[in-house]
Amino acid sequence: MSEIENEQAVQRGSARNQNEARTQSGIRLPPYETIALMLQGGGALGAYQAGVYQGLHEAGIHPNWIAGISIGALNTAIIAGNAPEHRVTRLVEFWETICQPAFGFPLPAFVERALFDSADEIRKAFTAMQAFGALVEGQKGFFVPRLPTPSPIASSSPQTASYYDTTPLKATLERLCDFDRINSGETRVSVGAVNVATGNFAYFDNAQIKLRAEHFIASGALPPGFAAVEIDGQFYWDGGLMSNTPLYEIAQATPRRDTLAFQVDLWSARGPVPDSIVDVMGRMKDVQYSSRTRLVTDQMQRSQRYRNVLQHVLDLVPEETRKNDEWCRLAAELACSKRYNIIHLIYRHKEYEGHYKDYQFGFSTMREHWESGLTDIRRTLAHRDWLDMPNGESRFVTHDIHRGE
């Protein structure tokens, strides 16, 4: 048993039997046609998503569509690239790998934990040191510095125009993921990236193309740290440069389907007004990468309300008129009475975290992120009525355990 799994077993303690019963029986969901898991980008914060997935797995909820961007795309590869019974174990292996320094040895677990659990100032200094280590040394199985350090003005190929080399990540994904399973169609998989030459957003989807490790790496190729990835003669960067959440991709997909979607965000649009330069840098990232999830869902709710109202109006029109009238045929294309239930899980910033939280890959921090995700999804699923099919004039609902806090 790995260290993180052992820690979780200890924490569950007396609730172990209850969790086992829940895993066996699962949660009975309404007949949603799509159960989607949407994973935002956010670097080291992505362990929160792994905790959320563990909670879904415990509850017997298995998404049939997984979409991700950046670190969310890497988690997507691990989840979709393994049989359901192996996914949590593979996620643990992935995160315990990339949270080690690329060279040398990590601190003994008890030493790291002691420093992490110390007074706030010590913890802040320790986590800042780990983030600095990621910049200088890289992370095992993920990225390493290019040596010599590239000149900012010297020309090179697009594949080397970056400060770090992600070749180790390709080997990690190919070791931990079964790409035949990813491409089997068992689970729909979509990952977002940006075409460097055109500036257009692109989704790589296994319903349309055969996905390789390069597609997932491209989704997380954030410049200038990571280089553009070439796919079929085109170069791609991190999808988070344009839109850091796959929410819109799933909600606007056609044909429309009754959908239960778990939207897992790593950046919160809401937060305190910073009063120092360091805090300003961190808050800038929150605003930049949050992709305004709640604003997007509000817009989608309004749109779905219009479609549903239009459908009800069409139902009042005689069938012969609907068939022959051009405006009725156009309205029928726009109308929709499908139902959408969007459940938000948004990581909450910790007091000790600095602007480097997305590249601070310390093991103790990772474990805390993971546990935060697991706690949030368990609290969410405790509201069983939140999983019900939405009704009403919009047939669109959102839930969030942190709303109003």
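Helices here are DSSP runs of H or I with at least four residues, numbered from the N terminus. All the close-ups below come from a predicted model.

**View 1. Asparagine 308 within helix H13.** Asparagine 308 belongs to H13, the helix of residues 293-315. Its relative accessibility is 1%, and because buried means under 20%, asparagine 308 counts as buried. Leaving aside residues up to four places away in sequence, asparagine 308 touches Cys336 and Ser337, along with Gly392, Glu393, Ser394 and Arg395.

View 2. H16 has 19 residues, and its first and last C-alpha atoms are 27 Å apart, close to the 27 Å expected at 1.5 Å a residue. Of those 19 residues, 15 are buried, so H16 is largely enclosed by the rest of the structure. Histidine 369 is buried too, with a relative accessible area of 1%. Beyond four places in sequence, the residues touched by histidine 369 include Ala44, Leu45, Ala47 and Tyr48. Glu353 is another of its contacts, and a polar contact of 2.9 Å joins the two side chains. For a handy distance check, the C-alpha atom of histidine 369 is 10.0 Å from that of leucine 266, although 103 residues separate them along the chain.

**View 3. The two sides of helix H12.** With 13 residues (277-289), H12 should span 18 Å at 1.5 Å a residue, and the 19 Å between its end C-alpha atoms agrees. Its buried residues are Gly282, Arg283, Lys285, Asp286 and Tyr289. Seen down the axis of H12, these fall within an arc of 150 degrees, so they line one face of the helix. Ile277 and Met284, on the other side, are exposed. Just after H12 comes serine 291, with a positive phi of about 60 degrees.

View 4. The whole structure holds 15 aromatic pairs. In one of them, the rings of phenylalanine 142 and phenylalanine 226 have centres 5.9 Å apart and planes at 45 degrees, so the pair is tilted. Phenylalanine 142 lies in the loop between H7 and S3 and phenylalanine 226 in the loop between H10 and S7, so the pair ties together parts that are 84 residues apart in sequence. Phenylalanine 143 also forms a tilted pair with phenylalanine 226, at 5.3 Å centre to centre and 55 degrees between the planes. Phenylalanine 143 and phenylalanine 226 are both buried. Ring pairs link Phe142, Phe143, Tyr164, Phe226 and Phe361 into a cluster.

Methods. Residues numbered from 1 in each chain as written. Predicted model: local features only at pLDDT ≥ 70, side-chain atom pairs only at ≥ 80, totals over all residues. Heavy atoms only, no water. Buried < 20%, exposed > 50% of the residue type's maximum accessible area, 1.4 Å probe, protein only. Contact = heavy atoms within 4.5 Å. Polar contact = N/O pair within 3.5 Å; in protein donor to acceptor, adjacent residues only side chain to side chain. Expected span 1.5 Å × (residues − 1). Arc of directions from axis to C-beta. Phe/Tyr/Trp six-rings, centres within 6.5 Å; stacked < 30°, edge-to-face > 60°.
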